[in-house]
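Please look through the sequence and the model below before reading on.

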Amino acid sequence: MRLSCYALGVLSALVVSALADVVVLSASSISISRRDGDHHMIHGPPLLELNETELTLHHQPIPESYYTIDFDDLEHASERHPGLMFLHATAMVLAWFVMLPAGIAMRSVNHAWHKMVMIAFYGLIVVGLAFSTAYRKLTPNMYEGQVHGKQGYTWILFALILTTVDFLNIFRRVYLFFRNGQKFDFRSFWSSVILDKGISSSFEGAEYAGLVSEEPEEMDVTMEMVSPTSPPPHKHVHYDDNALADDGPTAQWANDVRRHHRDFSQSAASETTLFGRSHFEEESSSNRRPAKKVPLSRRIGTGVFATLERVLVFGGLMQVLSGIVVYTGGCRENYLNGCLAHIIKGAIFWCYGLVSFARYLGAFAELGWAWNRAPAAGYPSAEFVESLVIFIYGITNTWMERWGARPGDPFTTKQIQHIGIAVMFWFAGLLGMAIESKTVRQWLASSTISALNPSQRDQEAVAEPPTYIASFNPFPALVVGVTGAAMAAHAQTYLFQVQIHQLWGNLLLAWSVLRCLTYFFLWLGVPRSMLPSRPPTEALGSFFLACGGLAFIFSTEELTIAAMRRGRDDVMMFLNVAVAITCFALCWTIAVVGFKGYLKSRIAPPVAYHSSA
């Protein structure tokens with residue numbers, strides 16, 4: 001499905017223009033002279049020591065929490081049970097961040113042990129809930145109105161719904177098994193119905209095959225047949241001779257195809273044209289055997305199911321964050337809005353960094369998102385998705401900055417700062433999507449084509465430059481970099497808070513610089529292989545982005561004040577903790593991506609890679 005970024009941009013521009021008129025008219029009638037009307041921002045340099053008297057004028061005293069009664073109340077230590085909470089957290093972490101990712105990876109290759117792993121996932125959840133129930137029975141309620149439990153049950157119900165959808169396919173396979181008139185045999189029944197082992201479990205298109213097709217003939221692999229055109233010499237991946245040692249017709253066909261590749265090894269980039277296919281593509285299209293198409297509705301259903309299943313992992317992260325908040329007793333009273341803003345936005349940057357590191361490792365290489373040349377066309381670029389997320393982030397945050405303000409309250413300096421950043425996200429996201437639109441690119445290039453004489457307007461005469469293969473979109477990096485630079489200069493009440501904001505602001509800015517360096521080096525040498533190129537600047541940038549997001553979470557007002565009260569207001573300590581957790585998370589990322597790659601390598605045909613050096 002193609003989106004018209006131009007139409008989207010026009011509509012959004014009209015809406016924002018009307019909004020800007022209202023803001024300008026309103027600004028003349030409201031007072032914005034105060035530095036900040038939200039809390040207790042002051043003029044002059046930031047303070048070095050905590051002013052408890054000033055805090056009590058704006059915040060209620062922080063009540064006791066589960067953490068304080070478990071670890072600070074030494075007098076009643078024998079009556080507390082922090083071990084039960086530790087076991088609850090351990091079981092839930094193993095369920096959501098070990099078993100669930102492993103189950104998703106196994107489902108993607110239709111592995112026989114997938115169902116056992118999902119049973120272990122639900123088993124660990126039951127164990128975690130048992131420990132949580134025991135802890136709450138033995139401990140007084142220290143957080144009235146918390147929604148951690150309700151939110152957790154919602155995510156569990158969501159997981160059960162997806163599992164039910166997957167389980168219903170067993171009944172479909174039972175129906176197909178007996179409808180085909182096969183003689184009942186327990187081994188074939190177990191393999192076809194329970195394990196879903198069939199032609200749909202082959203390497204190509206194995207992911208969620210049971211959710212896509214309804215008829216046995218629709219499970220055929222829809223591979224593109226090899227055409228006389230061959231990939232460029234730097235993209236040669238040929239089958240191992242030992243693996244094709246059979247004398248059967250399949251081996252002979254594969255050997256013929258390989259010889260055909262060698263005879264026609266020619267760069268496809270030199271034959272690609274801006275407005276049409278290359279001459280070799282046109283000649284070879286008639287020699288391809290048409291692949292059977294899967295209906296659009298089933299393809300959409302497959303994509304939605306795969307996306308929702310992966311959303312569960314992010315749901316686990318939400319539970320970890322909300323659980324820490326409830327256990328430590330944070331985000332209460334008028335701390336709530338600022339606390340939620342820091343946690344949600346910091347978690348977004350944290351996840352952005354982990355996904356960027358997964359791209360560096362080779363995740364989404366089949367879509368061309370791993371800094372490689374996409375094996376197949378028709379997918380949106382990673383930069384388009386980044387720009388879309390930035391646009392949604394900005395258009396929602398524009399209206400959320402006034403939450404908690406009373407009707408008629410003047411716009412504070414902090415609100416105007418944050419709204420300005422949100423509007424930047426809004427329009428920079430639109431710019432990024434427009435640049436990634438192939439239609440907009442053709443419109444921008446049409447002025448050059450119209451300057452040609454009619455006799456020169458041959459499609460073969462207009463070749464795309466090599467840089468058209470990849471995407472060089474600086475706007476996602478620009479948005480994050482400007483946000484980091486702005487927040488590093490964000491005024492705060494205390495010096496320690498200023499230093500923490502400078503810390504994560506500079507980390508985000510470092511990612512922006514490294515992403516621009518990635519584009520610079522790739523501009524000099526455009527990726528031409530379908531294998532991940534793994535630019536080292538992306539590895540470093542992903543680390544800085546994830547670490548910056550975590551430091552963003554650490555910079556909440558309540559946490560910094562608690563650190564100052566306990567004598568823990570040390571920037572190096574905060575940085576080292578963020579670095580340690582980020583390195584652990586990157587190890588988890590490489591374990592998940594590597595495990596999925598290992599599973600796919602077990603069922604993929606053996607190949608030998610040709611060096612392009």
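Does Cys 339 count as buried or exposed? In this predicted model, Cys 339 has a relative accessibility of 7%, and because buried means under 20%, Cys 339 counts as buried. Cys 339 is joined by a disulfide to Cys 331, with an S to S distance of 1.6 Å, and Cys 331 is likewise buried, at a relative accessible area of 6%. A disulfide is a covalent bond between the sulfur atoms of two cysteines. A search of the whole structure finds one disulfide. For Cys 587, the closest cysteine sulfur is that of Cys 583, and since the two sulfurs are 7.0 Å apart, they are too far from each other for a bond. Cys 587 counts as exposed, with 51% relative accessibility, while Cys 516, at 37%, counts as partly exposed.

Glu 144 has its place in the loop between helix 5 (114-138) and helix 6 (148-179), where it counts as exposed at 63% relative accessibility, and its side chain is joined to that of Asn 141 by a polar contact of 3.5 Å. A further charge over a ring is found at Arg 359, whose charged end sits over the ring of Trp 371, 4.5 Å from its centre.

The aromatic residues can be followed next. The count of aromatic pairs comes to 23. In the pair of Trp 155 and Phe 158, the ring centres are 6.0 Å apart and the planes stand at 55°, so the pair is tilted. Both residues lie in helix 6, three residues apart, which is about one turn of the helix. An α-helix has 3.6 residues a turn, so residues three or four places apart point the same way. Trp 155 is buried, with a relative accessible area of 14%, whereas Phe 158, at 22%, is partly exposed. The rings of Tyr 393 and Phe 425 have their centres 4.8 Å apart and their planes at 35°, so this pair is tilted as well. Because Tyr 393 lies in helix 13 (residues 382-400) and Phe 425 in helix 14 (residues 413-436), the pair ties together parts that are 32 residues apart in sequence, and both of its residues are buried. Elsewhere, one aromatic cluster is formed by Tyr 66, Tyr 67, Phe 71, Tyr 135 and Tyr 327.

In helix 19 (residues 557-565), the buried residues include Thr 560 and Ile 561, and the buried residues of helix 19 pack against helix 2 (52-58), helix 17, helix 18 and helix 20 (571-603). After helix 19 comes Gly 567, whose phi is positive, near 75°.

Note on methods: Residues numbered from 1 in each chain as written. Predicted model: local features only at pLDDT ≥ 70, side-chain atom pairs only at ≥ 80, totals over all residues. Heavy atoms only, no water. Helix = DSSP H or I, 4+ residues; strand = E, 2+ residues; numbered from the N terminus. Buried < 20%, exposed > 50% of the residue type's maximum accessible area, 1.4 Å probe, protein only. Polar contact = N/O pair within 3.5 Å; in protein donor to acceptor, adjacent residues only side chain to side chain. Phe/Tyr/Trp six-rings, centres within 6.5 Å; stacked < 30°, edge-to-face > 60°. Lys NZ or Arg CZ within 6 Å of the ring centre and 35° of its normal. Contact = heavy atoms within 4.5 Å. Disulfide = S-S within 2.5 Å.
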